Amino acid sequence: MEKDPIRSNERYERLLRAAQSLPPVATAVAHPCDEISLKGAVEAARLGLIEPILVGPPARIREVARKAGLDISAFPLKGSSHSHDSAEKAVELVREGKAEALMKGSLHTDELMGAVVARDSGIRTARRISHCFVMDVPGYKDPLIVTDAAVNIAPDLADKVDIVQNAIELGHALQFAEVRVAILSAMETVNPKVLSTIEAAALCKMADRGQITGGILDGPLALDNAINEEAAAIKQIVSPVAGRANVLVVPDLEAGNMLAKSLSFLAGADAAGIVLGARVPIILTSRADTVVSRLASCAVASLVADARRQSAAAAIR
């Protein structure tokens, strides 16, 4: 499907402008040893989104920069021996307070996340770590957060509480006027034989009781009546979320991955990826992502880091 370049550019410009109004985020870039990951970091720095600290084998990084014609002379370079070592040293920079964000380079996701969740040397918090896609879908009036499509394989109810809360806080960081969360299933009625419908109902009641805060929840909802007001009306679903959700919480990783990729490859959506629930936002891009997607992910991380700074300052006051 052909994208509308004006619409896409306008949304990206709005996101980038919001991030560029903030101080650049010191970001540990783990193993940027191919052209696209290094170029993404360099371009994000040029736009004032991040201040990269390059972590990897120095000779390899310099050779990539030379071949790609990239000037990395202004960036600190922390040497490592290999990709696992890069992940550990990037996480160490966060633990030392030298980085406010973490960015995946050309290493495997499992390598980076293994260092993030390591019991003694990682950067976990009490919150479950989860992934969010921030998607710009042609024809849909709002940016759309899809979670979790990359980290939690088969989350249980307790996991989903954190997944939902992470997504709500991301919505606030992105300055959503109202965070409307649809808990997705294959149907919009509670069916004892379909676990996702029971968990959706439980999550909504937990929000009613203040166990999840900051957003408006409804579920179970099927995808059509979560994002299409006419479909919701035909099913006679009356709620502030149905037909106008801006957060979609999927039952499991398989459903989320297929939904996100369907939106990208069939609907022409752009996507920025971010991991939440750790001490700092993690820019978790795919090796197939374009530089544009990497920049959007950096902008999202910048907004999340700023929201955390403001929250910490408010707590001190």
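These are my notebook entries on one protein chain, taken from a predicted model.

**Entry 1: overall build**

I started with the secondary structure. I found eleven helices and eleven strands in the chain.

Next I looked up the radius of gyration. A compact globule with 317 residues would have a value near 20 Å. The chain has 20 Å, so the two agree.

I then checked the box that the C-alpha atoms fill. Along the principal axes, the box is roughly 60 × 45 × 40 Å.

How much of the chain is buried? I noted 53% of the 317 residues as buried.

The accessible surface comes to about 14,500 Å². Carbon and sulfur atoms hold 53% of that surface.

**Entry 2: charges**

I looked up the charged side chains. There are 35 positive and 38 negative ones. The centres of the two sets lie 3 Å apart.

**Entry 3: Glu-199**

I picked one glutamate to follow. Glu-199 sits in helix 7, which covers residues 195-208.

Is Glu-199 buried or exposed? Its relative accessibility is 11%, so Glu-199 counts as buried, the cut-off being under 20%.

I then listed its contacts, leaving out residues up to four places away in sequence. Glu-199 touches Pro-155, Asp-156, Leu-157 and Lys-160.

**Entry 4: cysteines**

The structure holds zero. Cys-132 is in no disulfide, and the nearest cysteine sulfur, that of Cys-298, is 16 Å away.

A disulfide needs the two sulfur atoms within 2.5 Å.

I checked burial for both residues. Cys-132 has 0% relative accessibility, so Cys-132 counts as buried. Cys-204 has 12%, so Cys-204 counts as buried as well.

**Entry 5: Ala-68**

My last stop was an alanine. Ala-68 is found in helix 3, residues 58-68.

The relative accessible area of Ala-68 is 24%, so Ala-68 is partly exposed. That label covers values between the buried limit of 20% and the exposed limit of 50%.

How far is Ala-68 from Lys-39? In sequence, the two are 29 residues apart. In space, they are 8.1 Å apart, C-alpha to C-alpha.

How values were computed
Residues are numbered from 1 along each chain as its sequence is written. This is a predicted model: local features need pLDDT of at least 70, side-chain atom pairs count only at pLDDT 80 or more; totals for chains, interfaces and linings use all residues. Side-chain values use heavy atoms; hydrogens and water are left out. Helices (H or I, at least four residues) and strands (E, at least two) are DSSP runs, numbered from the N terminus. The radius of gyration is taken over C-alpha atoms; the globule rule is 2.2 Å times the number of residues to the power 0.38. Buried means under 20% relative accessible area, exposed over 50%, partly exposed in between (1.4 Å probe, protein chains only). Accessible areas come from the Shrake-Rupley method with a 1.4 Å probe; for residues, only the protein chains shown count as cover. Lys and Arg count as positive and Asp and Glu as negative; His and the chain ends are not counted. The place of a charge is taken as NZ of Lys, CZ of Arg, CG of Asp or CD of Glu. Contact means heavy atoms within 4.5 Å.
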